[in-house]
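Let's walk through this model together, one question at a time. Have the sequence and the 3D view open as you read.

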Amino acid sequence: MENWEKKIKINYCALGVIEMTAEELFERYGNGERDFRGVDLSGVNLTRKELNGINLQEANLCGAELLDTFLGQANLRKTLFRGANLDHTYFGSTDLSGSDMQSAYMGNTNFEDANLTGAKLRDEVVPIGWTILRGR
């Protein structure tokens with residue numbers, strides 16, 4: 001099974017668990033839907049996707065590939081990024097408060113004007129010369 005075919009589970013308290021493929025997620029995003037709170041995208045390949053303004057609060061992106069992905073002005077509060085590839089990921093003006101980025105690869109990641117309050121960055125894999133640009 002390809003990464004984009006991986007089943008995704010969205011947990012809405014009142015609705016229970018809703019499953020869909022990654023392809024359906026991208027289609028729904030393309031149709032204007034932005035609220036995907038609690039989605040399980042662990043291990044999914046989101047390389048070069050533009051998901052600006054998406055709400056992935058409390059989502060699981062552990063081990064996901066986010067190379068060259070745009071997540072500007074997104075809600076990523078309390079999102080799990082453990083072991084994710086965040087190389088060249090754009091988090092401009094994104095709320096990452098309380099997120100867990102431990103053991104994530106962050107080469108050339110852009111956090112310009114991002115809210116990193118309470119984010120767990122310990123043990124991240126940071127290349128030499130890496131900087132955070134105006135993160136709050």
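Phenylalanine 81 and phenylalanine 91 are both buried. Please keep in mind that this is a predicted model.

Q: How many aromatic pairs does a search of the whole structure find?
A: A pair of aromatic rings is described by the distance of the centres and the angle of the planes. Ring centres have to lie within 6.5 Å to pair. Searching the whole structure on that basis gives a count of three.

Q: Is the pair of phenylalanine 81 and phenylalanine 91 stacked or edge-to-face?
A: The two ring centres are 5.9 Å apart, and the planes meet at 75°. An angle over 60 degrees counts as edge-to-face. The pair of phenylalanine 81 and phenylalanine 91 is therefore edge-to-face.

Q: How many residues apart are phenylalanine 81 and phenylalanine 91?
A: Both partners lie in the segment after α1. Even so, their pair links distant parts of the chain, with a separation of 10 residues.

Q: What kind of aromatic pair do phenylalanine 91 and phenylalanine 111 form?
A: Here the centre-to-centre distance is 5.3 Å, with 15° between the planes. Planes under 30 degrees apart fall in one class. For phenylalanine 91 and phenylalanine 111, that class is stacked.

Q: Is phenylalanine 111 buried or exposed?
A: A residue is called buried when its relative accessible area is under 20%. Phenylalanine 111 has a relative accessible area of 0%, so it is buried.

Q: Which residues form one aromatic cluster?
A: Phenylalanine 91 pairs with phenylalanine 81, and phenylalanine 91 also pairs with phenylalanine 111. The members of the cluster are Phe81, Phe91 and Phe111.

Q: At what distance from the ring centre does lysine 49 lie over phenylalanine 26?
A: Lysine 49 is placed over the face of the phenylalanine 26 ring. Its distance from the ring centre is 4.5 Å.

Q: What is the phi of aspartate 68?
A: Most residues other than glycine have a negative phi. Aspartate 68 is not a glycine, yet its phi is positive, at about 60°.

Q: Is serine 103 buried or partly exposed?
A: Serine 103 also has a positive phi, near 65°, and sits in the segment after α1. Its relative accessibility is 39%, so serine 103 counts as partly exposed.

Conventions:
Residues are numbered from 1 along each chain as its sequence is written. This is a predicted model: local features need pLDDT of at least 70, side-chain atom pairs count only at pLDDT 80 or more; totals for chains, interfaces and linings use all residues. Side-chain values use heavy atoms; hydrogens and water are left out. Helices (H or I, at least four residues) and strands (E, at least two) are DSSP runs, numbered from the N terminus. Buried means under 20% relative accessible area, exposed over 50%, partly exposed in between (1.4 Å probe, protein chains only). Rings of Phe, Tyr and Trp (its six-membered ring) pair if their centres lie within 6.5 Å; planes under 30 degrees apart count as stacked, over 60 as edge-to-face and the rest as tilted. A charge sits over a ring if NZ of Lys or CZ of Arg is within 6 Å of the ring centre and within 35 degrees of the ring normal.
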